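Here is a short briefing on one protein chain.

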Amino acid sequence: MKKVILASNNSHKLEEMKKILSDFNYEVVTMEEAGLINFEIVEDGKTFEENSLIKAKAVLEKLGEPTIADDSGLMVDYLDGEPGVYSARYAGENVSYEDNNKKLLGVLEEVPFLERKAKFVSVITMLFPSGDEIVVRGEIEGNIALTESGENGFGYDPLFYIPELKKTFAELSSEEKNEISHRAKALKILKEKLNQRNE
Ligand code: IMP
């Protein structure tokens, strides 16, 4: 079976992507499983597309195998799309998810629920040693809740409320989140594109 490397050090993302790709035509391996330990990549792009490509390229250059990278984040309408590509470091460098959630709640303190619209975005790049490149994007809309709820998931999940389900991402099981998430949508499109190429 052909192999593909997941270019991420985020264990939550890796777990989600491995589950979503369980029916993939490739053996899905993390960088660590491929022998690339503590490989840090400087994400200095200004867009999800740029950062996703930076990560995929760095790992492909190291390992020479097809590589998939996700760059993702939360875009809040009231904040003109912030924190966006800075989602992981919204409250500063090396902060916890909790610090970022607190900062977001603080910034939106005076903003009523109906004006707290937001979306999660995932841009996934798959790069091949031939130089071929597939870029896909998945999004899901929701609202930033007034308080955190739920224990599952990671990052902003306890604050990301989906009105249709009346639950935050963190109140969904991993199976439920992986049906509808931005990452799941992007990976579904990737699978369709690979099928069209008979990969
Ligand atoms: P990246 O590793 O630079 O792509 O940073 C992604 C950041 O966006 C994460 O650290 C989270 O803060 C946030 N994020 C992306 N996807 C999700 C998700 O599915 N749930 C919660 N937070 C997410």
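Helices (H or I, at least four residues) and strands (E, at least two) are DSSP runs, numbered from the N terminus. The model is predicted: local features need pLDDT of at least 70, side-chain atom pairs count only at pLDDT 80 or more, and totals for chains, interfaces and linings use all residues. Residues are numbered from 1 along each chain as its sequence is written, and side-chain values use heavy atoms, with hydrogens and water left out.

**Backbone details**
- Lys-166 lies in the loop between β6 (160-162) and β7 (167-168). Its phi is near 55°, a positive value in a residue other than glycine.
- Lys-166 counts as exposed, at 64% relative accessibility. Exposed means over 50% relative accessible area, buried under 20%, and partly exposed in between (1.4 Å probe, protein chains only).
- Asp-80 sits in the loop between β3 and α3. Phi of Asp-80 is also positive, near 55°. Asp-80 is exposed, with a relative accessible area of 78%.
- Pro-83 is in the loop between β3 (67-76) and α3. The peptide bond from Glu-82 to Pro-83 is cis, with omega near -5°.

**Helix packing**
- Helix α1 (residues 11-20) packs on helix α5 (residues 182-196) at about 40°, with axes 10 Å apart. Axes are lines fitted to C-alpha atoms, for helices over the stretch in contact, and angles run from 0 to 180 degrees between N-to-C directions.
- α1 and α5 are therefore oblique to each other. Angles under 35 degrees count as roughly parallel, over 145 as roughly antiparallel, 65 to 115 as roughly perpendicular and the rest as oblique.
- α1 contributes Lys-13, Glu-16, Met-17 and Ile-20 to the contact, and α5 contributes Arg-183, Ala-184, Leu-187 and Lys-191. Contact means heavy atoms within 4.5 Å.

**Nonpolar cores**
- The largest nonpolar core has 20 residues; Phe-24, Ile-68, Ile-124, Met-126, Leu-190 and Leu-194 touch the most other members. Such a core is a set of buried Ala, Val, Leu, Ile, Met, Phe, Trp, Tyr and Cys residues joined through side-chain atoms within 4.5 Å.
- α5 gives the most to this core, with five residues.
- A second, separate core of 17 residues includes Phe-120, Ile-140, Ile-144 and Phe-160.

**Leu-105**
- Leu-105 belongs to helix α3 (residues 97-107).
- Not counting residues up to four places away in sequence, Leu-105 touches Arg-116, Ala-145, Leu-146, Thr-147, Glu-148 and Leu-159.
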